[in-house]
Amino acid sequence: MPPKSILKKTPAAASTQTAVAVAANAPPPPRAVNQRHLNTAVHHARIYEQRKQVEADILDAVFELLDFPTSPDADPTRPSPSDAHRFRQAIVPFQPSDYDGLIEERNIADKCGYTLCPRPKGKAPSTARKQFVETSKGVQIVDRKRLEMWCSDDCARRALFVKVQLNEEPAWLRQGDYGTEIDLMVKNTEEHHEALPLRLKKTAAPAPKDTEEEDAAAAWAARDDALADLAIERGETPGRLSKVNKDLITDKIKERVVKFPPTPPSLPPQSSGQSHMAIEGHVPKSARDAEQAKDSDDEDDKQDWDKALPG
């Protein structure tokens, strides 16, 4: 330890040391806020908040659809308009994986995977984990869990018809609303059209020129807003080109002008005797020499035969 002084400290020295200690322990001055970083953080925070809200809505919809249909005597081919309307509304934000989760939850509750079917799920012939099923392609090995998803093949087709219409993009990333409505395979379509509002096509008169120009301007403005949001999400400054894509965007593509028509490739002429010796179109030198020697022998034999002829 360093030696301590035995002299008493004067009030002025003590106050000076206290001020120095306070200045050393004082918090650093606030830094200037980077607006670009702030906009990026706010953008991602809003996306995260939307994701939480969508996931909560999907969870509530799964709990609600577990008790569907509302009537125990409902017919899946002719569901009530109220049940069908609510089912179509509830699954709009679903992804295919969320729909699979709904089917699994209904199977756990010993119900058919199709939401508008009140019957219990099917039972496999045995309790084995893998089952032998005879199909049009022959005997196949299928998981017992897949066989017990539905009460019948008809419900399976109706449920999968709904699944193929679901959007694979998460609902919190979709532009505008969650998406379009879902269609159902039902036989009482007329009852649904009477009970539910129809989305009729409006045949409007041709818009005047000024309206078309305003629509075009609005479309370009929406495009600029979308590009600005994308730039913020990437961490770039809206309206400026980054170093990565500057050359990619400013370069111009020039089409090459062909002066001569293209010609197909062709092989060099070969004799019929050498075609079987070619290796990917090339005849080895040894094969060519052997063929030439054979031709020369044939010519010599012909000359000798001519000499042996009379006259």
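Patches here are built from residues with over 30% relative accessible area and no salt bridge, joining like charges within 9 Å and nonpolar side chains (Val, Leu, Ile, Met, Phe, Trp, Tyr) within 5 Å. A salt bridge is a side-chain nitrogen of Lys or Arg within 4 Å of a carboxyl oxygen of Asp or Glu. The model is a predicted one, with local features needing pLDDT of at least 70 and side-chain atom pairs counting only at pLDDT 80 or more, while totals for chains, interfaces and linings use all residues. Numbering runs from 1 along each chain as its sequence is written, and side-chain values use heavy atoms, leaving out hydrogens and water.

On the surface, Val-33, Leu-38 and Val-42 make up a nonpolar patch, together showing about 250 Å² of accessible area (Shrake-Rupley, 1.4 Å probe, only the protein chains shown counting as cover for residues). Val-42 sits in helix H2, residues 35-65 (helices are DSSP runs of H or I, at least four residues, and strands runs of E, at least two, numbered from the N terminus). Val-42 counts as partly exposed because its relative accessibility is 34% (buried is under 20%, exposed over 50%, partly exposed in between).

Most residues other than glycine have a negative phi, and most peptide bonds are trans. Phe-68 and Pro-69, however, are joined by a cis peptide bond with omega about -5 degrees; Pro-69 belongs to the loop between H2 and helix H3 (81-90). Asp-110, in the loop between helix H4 (96-108) and strand S1 (130-135), has a positive phi near 65 degrees. With a relative accessible area of 35%, Asp-110 is partly exposed.

Note on methods: Buried means under 20% relative accessible area, exposed over 50%, partly exposed in between (1.4 Å probe, protein chains only).
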